[in-house]
Amino acid sequence: MLGATSLQMARVVEGTVSSAAGIPGLLATPVPNDRELRASLETLDAPAIAVLLDRISFHRLDGLAHRAVSRLPQDAIDPWLRSALKRRAQRFAAATLSQALALAEVLEALERSRIPVVVMRGLRSVESIYGDPSLRPFEDHDLLVLPADRAAAGSALKRSGFDEAVRGPYRRGGVLVDLHTEPLGARRRPSRDVLFPVPVRDLFERSSPGLVAGAPALLLEPEDDLLLLSIHLVKHSFDRMVRTADLAHFLLLNRGALDWTILARRAESWGSSRVLGWALRAAATLGVCVRAFDLAPAGDTSLLERYLMGRVLALRTLPGTGDLLMALAAPTLRARMLFLLDAVWPEGERPRGVLRRTSALPRRVFDLAGGGVRHAAERRLRR
């Protein structure tokens, strides 16, 4: 487990991309190795390039891949690969700029209503981590507001032409805004808030005024940003390499600004010390390592944890890995079982009444099994 004492001497260092990450890892890393990348790309024939483009798309690395191949000599890259990545990056840039205009309108509406707001991930990551609208695609805008402000924030969105979906985000055309009053999705999965109690008001009190999409918003402290990125990565079972890239790029960019003692204490208070450790190990596969005394002590991990993380580091992640790992972070067996039940069948999706729940259970099991099989097959095709 990560502790304050161990992280007092922690530092971020540049390493090498894991061989398991392959060419996608060389394209996504914040530590370029153009010689190895060029040598790897030169071995690919047309069918292999088609497979690579499919893998890049699956991991949402198109923009990062375009930037990486743009560093290489013109004659060193297959022109089809280069042009395909260029077109994808241009589409990302156009979509990002369009979404930025919509987000700016939303943030200004919230500002007029005197509602403090934090932009989580999405465009905030594009601007603060990558600084280029073509590098990081995203699907919606995750906005964090204080619980007391949610109704007023929803009203402000409706006045701006957004419609609220049932148990879903606010939508206006192709713009989706997901209003959060906590950062972990505990409205749908209450057990997350129990295991990982993130004090939302503290986040706001520590934040500073800034701009996102050129509009006013609160900016989190880097330690809070890092913890939320780590939890988000594990929560999504390390499914897309771009989430690992977000963390790796953030670490390298902010290595001089992070206070590791504060980070460790905050992670402990959030119950997320082990989650942070798992996320940092994943970032190391893209060449960004955190040197600490006991980042991953072998004696403090179970056989299941070592197996799951071995699969993660080999880019052979099993469906549900994030939920299983987060359950292992629970302090008691009862808490683990409640968390897993909430993962399999979130409270907000269960029918009311014992009879209706009992009759719906077989269908739920069937859907989960089918989804797991499809997810595993998709991962195998795009490794």
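1. In this predicted model, H232 touches R121 and R243, leaving out residues up to four places away in sequence. H232 is found in helix α11, which covers residues 222-235. Its relative accessible area is 13%; because values under 20% count as buried, H232 is classed as buried.

2. The protein chain has 18 helices and nine strands. It comprises 383 residues, of which 53% count as buried. Among contacts in the chain with a separation of 6 or more, 72% are between residues 24 or more positions apart.

3. Helix α5 (residues 62-70) deserves attention as a mostly covered element: seven of its nine residues are buried. These are D62, G63, L64, A65, H66, A68 and V69. Which helices do the buried residues of α5 pack against? The partners are α2 (22-28), α3 (34-41), α4 (46-58), α6 (79-112), α7 (122-130) and α12 (241-253).

4. Helix α16 (residues 321-328) is a second case. Seven of its eight residues are buried, so α16 is largely enclosed by the rest of the structure. The buried residues are T321, G322, D323, L325, M326, A327 and L328.

5. Is E305 buried or exposed? Its relative accessible area is 5%, and E305 is therefore counted as buried. Apart from neighbours within four places in sequence, E305 is in contact with R274, W278, L325 and L328. The C-alpha atoms of E305 and L328 are 7.6 Å apart, although 23 residues separate the two in sequence.

6. The packing of helix α13 (residues 260-269) against helix α14 (residues 273-284) can be described in some detail. Their axes are 7 Å apart and meet at an angle of about 125 degrees. That angle makes α13 oblique to α14. From α13, the contact is made by W260, L263, A264, A267 and E268, and from α14 by S273, L276 and L280. Sorted by class, the contact of α13 with α14 has six nonpolar residues, one polar and one charged.

7. Strand β2 (118-120) contains V119. With a relative accessible area of 6%, V119 is buried. Not counting residues up to four places away in sequence, V119 touches L103, L107, R124, D142, L143, V212, A217 and L218. V119 and L220 stand 101 residues apart along the chain, yet their C-alpha atoms are separated by 9.0 Å.

8. L176 is buried, with a relative accessible area of 17%. Which residues is L176 in contact with, leaving aside its neighbours within four places in sequence? They are E139, D140, H141, P169, Y170 and R171. Between the C-alpha atoms of L176 and D163 the separation is 9.7 Å, and the two residues are 13 apart along the chain.

9. Most residues other than glycine have a negative phi. R114, which is not a glycine, has a positive phi of about 60 degrees. R114 is found in the loop between α6 and β2 and is exposed, with a relative accessible area of 74%. S237 also has a positive phi, near 60 degrees, and is likewise a residue other than glycine. S237 is located in the loop between α11 and α12. At 12% relative accessibility, S237 counts as buried.

10. How many aromatic pairs are counted? The count comes to zero by the rule applied, under which the ring centres of Phe, Tyr or Trp must lie within 6.5 Å. One ring does have a charged residue over its face: R240 lies over F58, at 4.3 Å from the ring centre.

Methods. Residues numbered from 1 in each chain as written. Predicted model: local features only at pLDDT ≥ 70, side-chain atom pairs only at ≥ 80, totals over all residues. Heavy atoms only, no water. Axes fitted to C-alpha atoms, helices over the stretch in contact; angles between N-to-C directions. Helix = DSSP H or I, 4+ residues; strand = E, 2+ residues; numbered from the N terminus. Parallel < 35°, antiparallel > 145°, perpendicular 65-115°, else oblique. Contact = heavy atoms within 4.5 Å. Nonpolar A, V, L, I, M, F, W, Y, C, P; charged D, E, K, R; others polar. Phe/Tyr/Trp six-rings, centres within 6.5 Å; stacked < 30°, edge-to-face > 60°. Lys NZ or Arg CZ within 6 Å of the ring centre and 35° of its normal. Buried < 20%, exposed > 50% of the residue type's maximum accessible area, 1.4 Å probe, protein only.
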